[in-house]
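Visitor: I have just opened this entry and would like to be walked through it. Could you take my questions as they come?

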Amino acid sequence: MDKKLRNKEIRKISSSSSLPILIFTIVTIVGSYLIKYVFNNAVAGSIWTKSVFQYVFIQIIIYPVLMPILYFVFYKHRGKSQNMRLRQTLKKPQRSVGWCLKWMIISIGVSEVVNRIFIWVVRFVARYFGITPSNNSFQMGDSILANVFKFLSLIVFAPIFEELLFRAIVCRNNEEMGHWFAVIISGLIFGLWHTNYAQFGLTVTFGIMLGIMYIKTRSIIPTMITHFVSNLVVGVAVTCRSIISPVLRINDIEYGVHFLFVKNIVPTILLFIMLLFIVGTAIAGIVLLIIEIVRRRKSYKMNRGKFGMSTIKKTLVYFSSPVTIVTFALMIFLTIESVLSYRFG
């Protein structure tokens, strides 16, 4: 292939992968200011001032409305010419249930370990420079109804729409660059897309693991299920912790025991189970990954792509696309900003 045509094709792949993400990022930034303006200027007592309505409205705009638009943009930009339809990824996995279950444990467990290490490093470096990073971890609200909708969004909307975008579109679109390239790039985009340092280590690692699952199974059904399980555990743990957190700051042990094991026995037990699950999958995930690397590493040799270039050259050409440059620059800025929403110590 002629060098100019080759580079043009790589940039086209790069631009078509980044364009939906760029549109999403810009729309959410502009939309957040517009929504804040509407909410701040709403008449007292109107539906626009209700936290439940605000959250439901935003989630509907992001997932059932904006996400399909992004799929359509990709389809018109490149998907149609390459015959890349979403339904092609919604099929029976080419791997066994046991294999999928093993990689579910690896994906959830290893991501959790990496995230803990990443957060510790970021906070250590930030405090070295006299900065206290903001706590941007996932939180539930005060309203019970708002929590219900947030929980449903986390375990229903996110696994479906995000897997369609990041695995069925971004990862698959980059496969011509090589499978490992597609897996790593889609994982990196997935992590930066959250624009939150507290989730970055988790989402990048999780995105890479889900990318491997997709490449090996040729289906996003296992990745959706894994995404669902991960979000379910997080949602249950955060919800239960928000219920019992007031007593954790009280020094009265007798009252604390009564509060936890009499008045709030269900959330206490559920939180304990979720924490055991997280610890268990972290240990099992690391062990299983080591076994995979030592015993089955040859089975993870993947297609190197069609361009016959070194990884460095491919990466340089890929990131020379103006759309990709702007997309990554904006997401990196927002992620760093999430650290620098600080107060000096």
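Visitor: How far apart are Glu163 and Arg167 in helix α4?
Guide: Glu163 and Arg167 are 4 residues apart in helix α4 (residues 144–173), so about one helical turn separates them. Please note that this is a predicted model.

Visitor: And what do Glu163 and Arg167 form with each other?
Guide: They form a salt bridge, in which the closest N and O atoms are 2.8 Å apart.

Visitor: Why would two such side chains pair at all?
Guide: In general, side chains of opposite charge can pair when their charged atoms come close.

Visitor: Is Glu163 buried or exposed? And Arg167, buried or exposed?
Guide: Glu163 is buried, with a relative accessible area of 0%. Arg167 is likewise counted as buried, at 0% relative accessibility.

Visitor: How many salt bridges are there in the whole structure?
Guide: A search of the whole structure finds 8 salt bridges. One of the pairs is Arg78 with Glu9, whose side chains meet at 3.4 Å, N to O.

Visitor: Where do Arg78 and Glu9 lie?
Guide: Arg78 belongs to helix α2 (residues 51–79) and Glu9 to helix α1. The two are 69 residues apart, and the pair links distant parts of the chain.

Visitor: Are those two buried or exposed?
Guide: Arg78 counts as buried because its relative accessibility is 1%. Glu9 is buried as well, with a relative accessible area of 16%.

Visitor: Which residues are linked with Glu9 and Arg78 in a network?
Guide: Glu176 and Lys306 are linked with Glu9 and Arg78 in a network of salt bridges.

Visitor: What does Glu175 form with Arg218?
Guide: Glu175 forms a salt bridge with Arg218, and the closest N and O atoms are 2.9 Å apart. Glu175 sits in the loop between α4 and α5 (179–193), while Arg218 sits in the loop between α6 (197–217) and α7 (221–248), so the pair ties together parts that are 43 residues apart in sequence. Glu175 is buried, with a relative accessible area of 12%, whereas Arg218 is partly exposed at 22%.

Visitor: Let us step back. How many helices and strands are there?
Guide: The protein has 11 helices and 2 strands. Starting from the N terminus, the elements follow the order α-α-α-β-α-α-α-α-α-α-α-α-β.

Visitor: What share of the residues is buried?
Guide: Buried residues account for 46% of the 345 residues in the protein. As for the surface, the protein exposes about 18,400 Å², and carbon and sulfur atoms supply 69% of that area.

Visitor: Which residues touch the most other members in the largest nonpolar core?
Guide: That core has 58 residues, and those touching the most other members are Ile21, Met67, Trp103, Leu165, Phe166 and Ile189. A second, separate core has 12 residues, among them Ile155, Val236, Cys240 and Ile244.

Visitor: What is Ile189 in contact with?
Guide: Setting aside neighbours within four places in sequence, Ile189 is in contact with Ile21, Phe166, Val170, Phe328 and Met331. Across the protein, among contacts between residues at least 6 apart in sequence, 81% join residues at least 24 apart.

Visitor: Turning to Thr324, where is it?
Guide: Thr324 is in helix α11 (residues 322–339). Thr324 counts as buried, at 0% relative accessibility. A polar contact of 2.8 Å joins its side chain to that of Ser18. Neighbours within four places in sequence aside, Thr324 is in contact with Ser14, Ser15, Ser18, Tyr318 and Phe319.

Visitor: What about Lys3, is that buried or exposed?
Guide: Lys3 is exposed, with a relative accessible area of 56%. Lys3 lies in helix α1 (residues 3–40). The C-alpha atoms of Lys3 and Phe307 are separated by 9.7 Å, and these residues are 304 apart along the chain.

Visitor: One last topic: which residues form a nonpolar patch on the surface?
Guide: Ile117, Trp120, Val121, Phe124, Val125, Tyr128 and Phe129 form this patch, and together they have about 840 Å² of accessible area.

Visitor: Where is Phe129 in all this?
Guide: Phe129 is in the loop between α3 (97–128) and β1 (131–132). Phe129 is exposed, with a relative accessible area of 59%.

Definitions and conventions:
Residues are numbered from 1 along each chain as its sequence is written. This is a predicted model: local features need pLDDT of at least 70, side-chain atom pairs count only at pLDDT 80 or more; totals for chains, interfaces and linings use all residues. Side-chain values use heavy atoms; hydrogens and water are left out. Patches are made of residues with over 30% relative accessible area and no salt bridge: like charges are joined within 9 Å, nonpolar side chains (Val, Leu, Ile, Met, Phe, Trp, Tyr) within 5 Å. Accessible areas come from the Shrake-Rupley method with a 1.4 Å probe; for residues, only the protein chains shown count as cover. A salt bridge is a side-chain nitrogen of Lys or Arg within 4 Å of a carboxyl oxygen of Asp or Glu. Buried means under 20% relative accessible area, exposed over 50%, partly exposed in between (1.4 Å probe, protein chains only). Contact means heavy atoms within 4.5 Å. A nonpolar core is a set of buried Ala, Val, Leu, Ile, Met, Phe, Trp, Tyr and Cys residues joined through side-chain atoms within 4.5 Å. A polar contact is a pair of N or O atoms within 3.5 Å; within protein, one must be able to donate a hydrogen and the other to accept it, and residues adjacent in sequence count only if both atoms are side-chain atoms.
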